[in-house]
Amino acid sequence: MNRLSDFMLPPARSTLAGEVDALFNFINVVSLILLIGITIAIIYFAIRYRRKSDDDTTPLITHNSKLEITWSVIPLILVMIVFGWGYSGYLTMTNAPDDAYEIRVIAKSWLWEFHYQDGQTSINELHVPENRPVKLIMSSDDVLHSFYVPDFRVKMDVIPNRYTSVWFEATGPGESVIYCAEYCGSAHSQMLADVIVHTQDDFDLWLEAGDAIDEDLTPVELGRQLVERQGCLACHSTDGSTLQGPTFLDIMGRERLLTDGTTVTIDENYLRQSILEPNTQVADGFPPIMPSYAGSLSDRQIDAIIEYLKTLD
Amino acid sequence: MATPEPTNTKKLQVRRYKPEENPKETYLTEETGLWAWMTTVDHKKIGLMYLGSITFFFLVAGILALILRTELLTPAQSFITADAYNQIFTLHGAIMVFFFLVPSVPAALGNFILPLQLGCKDVAFPRVNLLSYYIYVVGALFTLIAIFTGGVDTGWTFYTPYSATTGGNVMMMTFGVFILGFSSILTGLNFIVTIHRMRSPGLTWNRLSLFLWSLYATSIIQILATPVLAITLLLLTMERLLSIGIFDPALGGDPVLYQHFFWFYSHPAVYIMIVPGFGIVSEIISTFSRKHIFGYWAIALSSLAIAFIGFLVWGHHMFVAGQSSLANMVFSFLTFLVGIPTGIKIFNWLATMHRGSIDLKTPMLYIMAFLFLFSIGGFTGIMLGALSVDIHLHDTYYVVAHFHYVMMGGMVMAFLGGLHYWWPKMFGKMYNELWAKIACGLLFIGFNVTFLPQFVMGSLGMPRRYFNYLEQFQAYHQFSTIGAYIMGVAFVIMAIYLVHSLFKGKQASSNPWGSRALEWQAASPPSLHNYHHTPVIINGPYDYHKPMSEFQLGIADSHNGHDPHHQKDIETKSVEADK
């Protein structure tokens, strides 16, 4: 049984996982027993009752009420067990404890933004304390997304104009993947993030230190790290290839045709404008889908990103 | 004063009609030529036209699937872009569902077989039947135009608000599907009226074949559910063209409302796709076990039960969509209930094989594959119905594997079984049995190699509709792709021996499998009007304990001069005519 779940299930890293896994294993084992029974019956009958001659006659058996009732009632009992078990687990998963630590989650095509209670924000990295219930209050800025952490066994759709929530309690420090599980367009499969579980002390330290950006980094190095961490590379390549947005390669000083027909020369002001209000001056040939970074990047970080982009030629 | 008791039975003079062997004049040799085919109202020709069309769409969508699987050999981009990938998986799903699975058994095989099994010359409304075919063609044309004018990348579910905002030609595509729905409704209507009104003398409801029962149940769903899809797509069109806020939150609409509407059709549609398959399984199991079907009423009524409960489970597609806990509980409960009639069918089919005389011909092999694969589809459906487990598995490859086991392992296997079963009746030719068995075996292996790893991948957390994926899943994806190629080879072999049989195949006898069902009392292939006589039915289609002669009766026609030896007066109780 353990081997089966080790093979089929990701590591169990939240308090909710145990019950889900137990039911998963129960259904698998019962199904396997029934499936083997059915398969043996098919094969055995096909061999044992194989047609011997064209004149074979068969007994007239039209029905058997006792058998019909048996094979209706036994499966009914089995599925009712599964129903009750699944529903009770589901109730635990939907009712967050009152003392849960709340984090606000905003999904945008195609990144995850996390806002913490003390004003701290992070992008594509969710930081949570271990052994403490965490409740996420989620909404989307555009289309449907779905927040999915296999290691925690939690998933919830993220919907525009409505809050949905999900909660979990991580059982130990470490990192797990967050997927977007509701199809959301071109870069759906790149809408990944990490959940980083800290001890309570480390978590408090992280909240204080913020994004833990080393103040000693050069602007270019800081910019490079930010571009990677903030999800820019899901849509903008650094090697000249065209993804959902224009490439970063050799971007500075380039003439760019905009969707309104005008042309701009890309300079610091255009880049800053495109980060803070991305859909006011959209490059021709690209959809106006970039989320705004106003409020989630400081001036110093924007400067660093621009410095980094200048080096890409 | 004694008044005669009112009676709705009458005495019929019957005689035996043996089916004609090696017929010179068949529906294929009469009324030939392109124009005659295009304007035909013959249910058999329309059935073949549907068969040709769905084969074409199956080929197209199958090739798309191979492209997807090839791209997924590597975790990153290998030869198509993310946008192309998204369009291709949308088309694969939409074409397979709307243009292949929904019409496959009812419109293609059903059209051909239903009047033959009822002993009538055609369906009740032959012209409407032709109309429904052309509506299907027009719907298909709109879809093809949509593909070549921008494409569609929404997934076959057209979820809002994505479908309301994305580029491409979503409108044209939904319009195509909208039109297509009317084809489905008209076919369902035609079948219901035909089954009610055009049964041969003596063909009472308890002598109806289980294939007809399944088509009857399917037709009810088609008529009741398809209009909801039409309304939904119309609302979607209004939103996109006129900016009326219905589903798009930017306009004040509710995206989850769309999901309710969509699944209110599309879950019953799952049963439109699979229930006719159940009918084929019953026919083939009984014929190749040469034994009375076990639990006739249990199987017939469970089809109707599935049709009914199937309307009430749509919410299980939305367990993580923000539905209330109460709604989730109710939908989970009803989902488990629908599993019970499905289980009943499996057990009844197994009981039919018990103590039978089993002939392992190709159609029977397909049905044995069906029983195995569909059982897996059913068990994994139970897994997905369990609320807490579904939270983890929802929208992962586990779901992808589950519905492929139901739709391809179940429905397509049943369809192929039916195709091989009725092929001699349709074309009067036998195919090469050895090659047919090889193709069936390859298909079975290829299918499992493709989709078993997807259960594991999904449980491990691999989401569906992913163009790129994490490297830890690569081995499973590669396995899966190899399986898809094996299936491709199997279908190529099948195409070769089936086409070969049309030209070089042995002449088929009228009843090559020794079945007792009525369609086998017509010639192979049948004449233009099916029977030269009006069949009279005194036994059920699974009464293998009765001699063949009792299945070959028809109303005696004194002008033809009948053989007095076979003349037989039928007691009023044994032949109940409609009037």
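A: In this predicted model, the buried residues of helix 7 of chain A are Gln301(A), Ala304(A), Ile305(A), Ile306(A), Tyr308(A) and Leu309(A). These buried residues pack against two other helices of chain A, namely helix 5 (219–229) and helix 6. Helix 7 of chain A itself consists of 12 residues. From its first C-alpha to its last, helix 7 of chain A reaches 17 Å, close to the 16 Å expected at 1.5 Å a residue.

Helix 6 of chain A covers residues 268–276 and helix 7 of chain A covers residues 299–310; their axes come within 10 Å and cross at roughly 125°. The crossing of helix 6 and helix 7 of chain A is right-handed. On the side of helix 6 of chain A, the contact is made by Glu268(A), Leu271(A), Arg272(A) and Ile275(A); helix 7 of chain A contributes Ile302(A), Ile306(A) and Leu309(A). By class, the residues of this contact between helix 6 and helix 7 of chain A divide into 5 nonpolar and 2 charged, with no polar residue. Ile306(A) and Leu309(A) are among the buried residues of helix 7 of chain A, and both also take part in the contact with helix 6 of chain A.

Terms used. Residues are numbered from 1 along each chain as its sequence is written. Chains are lettered from A and ligands numbered from 1 in the order in which they are written. This is a predicted model: local features need pLDDT of at least 70, side-chain atom pairs count only at pLDDT 80 or more; totals for chains, interfaces and linings use all residues. Axes are lines fitted to C-alpha atoms, for helices over the stretch in contact, and angles run from 0 to 180 degrees between N-to-C directions. Helices (H or I, at least four residues) and strands (E, at least two) are DSSP runs, numbered from the N terminus. A crossing is left-handed if the near helix is turned anticlockwise from the far one by less than a right angle, and right-handed if clockwise. Two residues are in contact if their C-beta atoms, placed from the backbone, lie within 7 Å. Ala, Val, Leu, Ile, Met, Phe, Trp, Tyr, Cys and Pro count as nonpolar, Asp, Glu, Lys and Arg as charged, and the others, Gly among them, as polar. The expected span of a helix is 1.5 Å times one less than its number of residues. A residue is buried if 20 or more other C-beta atoms lie within 10 Å of its own, exposed if 12 or fewer, and partly exposed in between; C-beta atoms are placed from the backbone.
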